[in-house]
Each structure stands twice: as C-alpha cells, then as structure tokens.
Amino acid sequence: MNVENFIGSVKVTDNAAFIENTEKRKALHESLKLKSFPKVKDEEWRFTKVDSIFDKAYMIPSIDKDFTIEKYINAKDYAGVVCYKNGFVIKIEVTDLNFIIEPLSKIDNSFDNIFKTQEQVFVELNNYFAVGGVNIVAKKNAIISKPLLILYIIDKDNVISSPRNVINIEGGANVSIEEKILCNSKIESLTNALSYINIEPNATLNYYKIQTGSDICNLFDTTYIKQQADCNLNIFTLSLKGRFLRNNLRIKLDGNGANANMYGLYIPKQNEHVDNLTYIEHAMPNCDSNELYKGVLNDSSSAVFSGKIMVCKDAQKTKAFQNNKNIVLTNTAKINTKPHLEIYADDVKCSHGATVGQLDEEALFYLRSRGIAKDDAKQLLINSFIDEVVNNISYEPIKDYVKESISQKI
Amino acid sequence: MLEINNLRANINGKEILKGLNLKIKEGEVHAIMGPNGSGKSTLSSVIAGREIFEVTAGEIIFHNKNILNLTAEERANEGIFLAFQYPIEIPGVSITNFMRAAVNAKRLYNKQEALSASDFLKLMKEKQKLVELTTSLVNRSVNEGFSGGEKKKNEIFQMAMLEPSLAVLDETDSGLDIDALRIVANGVNKLKNPNNSYIVITHYQRLLDFIVPDFVHVLYDGQIVKSGTKELALELEEKGYDWIKDEYHNK
C-alpha cells in the first residue's frame with residue numbers, strides 16, 4: 001500500500017482533535033503523498049518488512065478519559081505520570097514540581113533536521129495523526145530520584161496512535177523517565193511514537209523504554225536525542241513483548257565531554273519481531289559512548305540489530321564502544337546483526353562487535369551434573385546473559401519489574 | 001553400591017568403552033589409572049550422564065537401580081557427583097546462586113523443603129572452611145577467572161555442599177601445586193565416611209599418597225585390564241604401562 005492510500009484508509013472519529021493545524025496537515029499530506037513506506041532494499045530496513053502492517057485499516061477513536069491509574073501502576077513510585085490512552089493525553093499528574101509538563105499545542109520540527117533518516121515517513125505520519133503530545137521540562141539543577149512515567153495504553157481495536165514527547169532536561173538536572181507501553185492483549189494496534197529529547201550541559205538523564213505490548217501490537221518508536229556539553233545519558237530499550245517492534249534511536253553528542261550509555265534487551269518468542277536501529281553521532285571532542293544490546297531469541301522469532309557509530313572530523317579523543325550479543329535458542333529463530341563504525345577523526349578509541357551463539361552445552365551439562373534440572377539450568381544461563389544489561393538499571397523498582405517480566409516470559 | 005557390567009559406549013560412532021566391569025562397595029575408594037586415551041574421562045562422563053556419549057551395551061547399577069535411563073540431573077540427585085577435570089567457567093552465575101539452586105534441587109528431589117536463606121549461608125560457610133575457599137571467591141561467578149587450584153577447590157567445595165554417596169574425581173590433581181593438592185585431598189578425606197565411595201581417576205601415584213585407595217584399577221583400551229591394591233599404583237609409577245599393555249595384547 002502506498003502512503004497516500006494508507007492515510008485515506010484511516011478512519012477518523014469526528015471529534016478527534018489533531019495537534020497540528022489544518023494548514024500544516026495539508027502540507028504534511030502533500031509531502032507524505034510523495035513518500036513510500038520503507039522497502040527491504042533500503043539499507044536500514046533490509047530485514048524488516050512493514051507492508052503487512054500498513055495493509056490494515058486503522059482508526060482514530062474519540063477521546064476516552066476513563067482511567068484508573070491504580071489498575072496499571074503504583075503512582076507513589078513516580079514523580080509524575082503522563083498517560084496516553086489510544087493516542088490521547090488523558091492525564092498529566094505531577095507530584096514533584098521540578099517537572100513541568102504541559103500538553104503540546106504545536107509541533108516544533110527543529111529536531112527533524114538533525115538527522116537525515118530513512119524513517120522520515122514515520123515522523124511525518126506521527127505529525128499528521130498526532131492527537132496528543134506533551135512538553136516535559138526538568139528544571140535546572142533538579143535532582144529527582146523517582147522517575148517520571150510516560151504510559152501508553154492501547155485498549156481499542158485497530159487504533160493508530162501517535163504519541164509525541166518533547167523533553168528538555170535543563171542544565172545540571174538529574175532525572176529519570178520511564179516510558180511504558182501496555183496493550184490490551186486481544187486487539188490489533190499500531191503505535192507510531194516520537195520523542196525529542198534535549199539534554200543541557202551537566203545534566204543526567206536515565207531513560208527507560210519498557211516495551212510490554214501484546215501478541216498483536218505493532219510499535220514504531222523513534223527517539224532523537226541531542227546531548228550538550230558534559231551531560232550524561234543512560235538509555236535502556238527493553239523490548240519485552242510485542243509482535244512487531246521497531247526502535248529508531250538516534251543520538252547526537254553535540255557538546256564537548258558528553259557521555260551516552262545505550263543498553264538494549266530483546267527476548268522475542270513465537271513470531272515476534274524486534275528491530276533496533278541505533279545511530280550515535282560523535283560531533284564534538286571528548287565524548288564517550290558505550291552501547292550494549294543483547295538478545296535471546298526463541299521459537300520462530302526474529303530480530304535485527306543495526307548500530308552505527310559516526311565519529312565526525314572534529315570529534316577528537318572520542319571513546320566509542322558498541323557490542324551486540326545474541327543467543328539463539330532454536331533452529332527457527334533468526335537474528336541479523338550489523339555493527340557499523342565510521343570514523344573521520346584520527347585520535348579516537350573505538351570498537352564494535354557482534355556475536356551470535358547458542359547456549360553453552362558445556363555449561364549446561366556442568367549445571368545439570370549438580371542436580372539442576374535442564375530447564376532451570378537454561379534459565380540460569382539465560383538470566384546471567386541478560387543480567388549484563390539489566391544490572392545497569394539503577395532504579396530498583398524498575399529493575400525488579402523488568403526481571404519479573406523477563407522470568408515470566410522465558 | 002555401584003556395579004558396572006559390560007559397559008560399552010561410543011562417541012561420534014567410535015567405541016571408547018569396550019565392555020567395562022567395575023564393582024564398588026560402600027565406603028571404598030577406587031583409583032583408576034591408565035594411559036592417555038584409554039577411556040578414563042569417558043567413563044566418568046558416562047557415569048555422570050553426559051548425552052554426547054552413546055551407551056550401546058551394559059548397565060550401571062547404582063543403589064540397586066539401573067541409572068542409564070536417568071538424566072544427568074537425576075543421577076546427581078540420586079547421589080552421584082563428578083568433579084570435572086576442566087571445571088567450566090560460567091560468567092554471570094554466582095557460586096552462591098548456583099549452589100542454592102543445586103542444593104534445593106536435591107532437596108526437592110528427596111521431597112525435603114528448600115533450605116532457608118540463613119541455613120543455606122551457614123552451610124556454605126561451614127563447607128567453605130573444609131577446602132579453604134575464601135568468601136571473596138564464593139561471591140564471584142562460577143570459576144570465572146579462577147586459577148587452576150581455585151577451580152579444583154571449588155569442585156570439592158561443591159561436593160561438600162551436595163554430599164554425594166558416589167564421587168568421581170576426574171584428574172582432580174591435574175594442574176595443582178603441592179599445597180593445593182594437600183588442601184583438596186584433606187577436603188576429600190574429611191568428607192569420607194563408611195557410606196560414601198570414591199572413584200579417583202589420576203595419572204599420578206602422588207595423589208594416592210594423600211587419598212589412599214582400597215583398590216587400584218588399570219583402564220586400557222576401554223576395559224579394566226588389571227586390578228589390585230594400592231601397591232599396584234606404586235608398581236605403575238615405577239614401571240609405566242608397557243608391561244600391562246603387553247599382558248593385555250598377549251592374552
């Protein structure tokens with residue numbers, strides 16, 4: 001299906017309130033008409049087919065504010081909560097006033113031009129269909145130990161939702177944000193989320209993406225991050241459940257001495273497909289980046305890792321490391337991994353690598369020879385593999401939740 | 001307690017054990033010696049239930065039960081322990097978690113309740129002392145970055161935790177200096193009682209000075225070709241294996 005037909009096929013309920021004004025949407029429509037969905041001949045989409053996802057008829061429902069937060073989370077664990085339901089922002093609650101959160105009234109596209117990407121069609125579709133968005137500011141020098149929660153709830157059949165978060169972490173602030181998607185298990189849905197994050201000098205942001213979708217949910221998640229001087233980012237992309245998950249994570253280290261740690265975990269089962277595209281651009285000197293993505297693939301699942309480190313000409317004294325490790329548990333599961341490094345500076349320390357293997361039979365026998373049942377021994381080995389990612393989560397309630405979700409699935 | 005009758009086993013279609021017989025009673029220590037490639041490690045793997053070996057004939061009766069149809073974990077829980085010649089490194093799995101899983105698996109198998117955390121730690125401390133394994137090691141990942149001596153001590157520590165009735169020590173002395181050898185052997189001797197038995201596989205008489213065997217067997221060409229008392233080990237040390245090979249081939 002081409003993009004224009006897709007746009008035409010989306011049923012819009014009368015009172016859907018688009019963020020963008022009619023004029024801008026008209027312009028977006030014109031632009032989208034000329035675009036097509038990515039094809040496998042596009043380098044960044046070689047192993048992920050999206051056609052079947054856009055062949056379906058989706059709809060934008062009317063706003064439904066019915067929401068019992070206790071059903072999903074313990075609000076006391078958070079410094080604030082933003083809740084999207086089927087794409088609409090239905091709740092903004094701030095308990096720590098160092099966070100300022102407002103509904104997004106206008107879409108600022110200045111971020112789009114930072115990266116020239118093959119996912120521009122998804123960015124524009126998000127702009128075109130967005131009925132809800134938030135602007136989040138963490139105030140200067142604010143130190144907040146509890147995370148802010150951004151919750152995406154999908155509970156209507158065939159919904160297309162386009163949440164959009166614009167986040168600014170002001171200088172010297174130290175905060176955490178947890179983003180969680182929860183889908184009703186019986187409905188087909190498409191979520192096309194977009195987040196723009198700016199981290200000012202000396203700030204620290206811990207960002208947790210916890211993807212707990214359903215067996216029939218589709219998620220495109222695009223996150224663009226700009227890091228200024230001497231700031232720190234720890235970002236986790238934890239793909240725990242979902243039939244189709246595609247993450248586009250692009251980071252620009254745009255100030256001297258910025259530091260980014262990117263962690264990823266995917267544990268697909270059955271026919272789930274997880275595709276992680278990461279791109280980190282070292283634009284300035286003295287920046288560090290460290291990337292570790294790990295996957296455990298079961299049944300007939302598939303996953304893609306495609307990571308690129310770009311070290312620009314001026315980015316001397318760069319330290320950039322990237323690693324992708326995979327365990328494939330069956331003969332039918334499939335991983336395509338492509339670590340990639342491009343360096344234009346001459347005084348740098350960089351490495352990249354990828355491994356694909358099976359559970360270590362020797363280790364398995366060793367554990368079993370001590371009386372541990374085969375399945376438990378496998379679990380121990382898988383957990384130890386995964387822990388290398390999960391143990392970097394510094395906020396214990398999130399770590400516990402993630403560990404619990406993993407053990408339920410594996 | 002253990003009776004191996006006419007045991008034949010293959011790996012990748014090649015026959016390694018060719019009709020092996022061995023009988024062990026409660027409380028006995030049996031040493032198995034033999035030239036390289038005679039099948040010693042295969043025997044220990046087959047007893048422990050390693051699946052890459054295919055048993056084509058014979059039986060292994062342990063406590064009046066043929067264990068050949070049991071999985072490796074079932075055999076362990078029945079009371080068989082294999083101290084590995086080359087203990088495996090398992091990054092990310094702490095010895096504590098590993099042993100808790102193992103001890104409780106055995107208790108579950110024997111329909112006992114799992115040990116409480118405090119009882120378990122008490123047990124750990126007690127058994128650590130036995131092989132002089134320091135606490136800092138126990139908090140590390142299984143065998144990861146351990147020296148050869150530490151790995152072997154860790155094997156004996158695990159044995160102490162699991163209290164098997166039959167322990168197979170597969171070249172536990174290889175890679176050990178004299179001090180570590182003494183510590184390992186002392187650990188084994190402290191664990192010895194009238195109800196448990198040992199199969200000690202070794203190339204060297206030296207270990208048998210510390211762990212004194214009741215019987216010594218020579219394994220050659222997949223069979224036990226000669227058995228005797230501890231004096232046989234001394235004789236082998238002095239004369240090597242050629243005379244045994246000659247005896248075997250002239251039969």
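At what angle do the axes of helix α6 (residues 374-390) and helix α7 (residues 396-409) of chain A cross? They cross at roughly 150° and come within 12 Å of each other, where axes are lines fitted to C-alpha atoms, for helices over the stretch in contact, and angles run from 0 to 180 degrees between N-to-C directions. This is a predicted model, in which local features need pLDDT of at least 70 and side-chain atom pairs count only at pLDDT 80 or more, while totals for chains, interfaces and linings use all residues. Residues are numbered from 1 along each chain as its sequence is written, chains are lettered from A and ligands numbered from 1 in the order in which they are written, and side-chain values use heavy atoms, with hydrogens and water left out.

**The helix pair in chain A**

- Two packed helices are described by the angle between their axes and the distance between the axes.
- α6(A) and α7(A) are therefore roughly antiparallel to each other; angles under 35 degrees count as roughly parallel, over 145 as roughly antiparallel, 65 to 115 as roughly perpendicular and the rest as oblique.
- The crossing of α6(A) past α7(A) is right-handed, a crossing being left-handed if the near helix is turned anticlockwise from the far one by less than a right angle, and right-handed if clockwise.
- On the side of α6(A) the contact is made by A:Q379, A:I386, A:D387 and A:V390, and on the side of α7(A) by A:K399, A:V402, A:K403, A:I406 and A:S407, where contact means heavy atoms within 4.5 Å.
- Among the residues of this contact, four are nonpolar, two polar and three charged; Ala, Val, Leu, Ile, Met, Phe, Trp, Tyr, Cys and Pro count as nonpolar, Asp, Glu, Lys and Arg as charged, and the others, Gly among them, as polar.

**The sheet of chain A**

- An open sheet of 10 strands with mixed pairing runs in the order β4-β3-β7-β10-β12-β14-β16-β18-β20-β22 in chain A; helices (H or I, at least four residues) and strands (E, at least two) are DSSP runs, numbered from the N terminus, and two strands pair if DSSP finds at least two bridges between them.
- Its edge strands are β4 (88-94) and β22 (348-357) of chain A, each of which pairs on one side only, and the twist averages 10° from one strand to the next.
- Strand β3 (residues 80-85) of chain A pairs with β7(A) in the parallel sense over six bridges, and A:V81 has A:L149 as its bridge partner in β7(A).
- Helix α6(A) packs on the sheet, where it touches β14 (232-241), β16 (259-266), β18 (288-297) and β20 of chain A, and its direction makes about 155° with that of β18(A).

**The sheet of chain B**

- In chain B, an open sheet of six strands has the order β6-β9-β10-β3-β11-β12, with mixed pairing.
- β6 (80-83) and β12 (223-228) of chain B stand at the edges, each with a single partner strand, so one side of each is left without a neighbour in the sheet; the twist averages 20° from one strand to the next.
- Strand β3 (residues 29-33) of chain B is joined by four bridges to the parallel strand β10 (residues 197-201) of chain B, and by four bridges to the parallel strand β11 (residues 215-220) of chain B.
- B:I32 stands opposite B:I201 in β10(B) and has B:H217 as its bridge partner in β11(B), while B:A31 stands opposite B:V216 in β11(B).
- In a regular strand the side chains alternate between the two faces of the sheet.
- In β3(B) both faces are covered, with B:V29, B:A31 and B:M33 buried on one side and B:H30 and B:I32 buried on the other; buried means under 20% relative accessible area, exposed over 50%, and partly exposed in between (1.4 Å probe, protein chains only).

**Individual residues**

- A:N158 is placed in the loop between β7 (148-154) and β8 (159-161) of chain A, and at 28% relative accessibility A:N158 counts as partly exposed.
- A:N158 and A:I60 are 98 residues apart in sequence and 8.4 Å apart in space, C-alpha to C-alpha; leaving aside neighbours within four places in sequence, A:N158 is in contact with A:A57, A:Y58, A:M59 and A:E188.
- Most residues other than glycine have a negative phi, and most peptide bonds are trans.
- A:K317, although not a glycine, has a positive phi of about 60°; A:K317 lies in the loop between β19 (302-311) and β20 (318-328) of chain A and, at 51% relative accessibility, counts as exposed.
- B:N6 has a positive phi of about 45° although it is not a glycine, and B:N6 lies in strand β1 (residues 2-11) of chain B.
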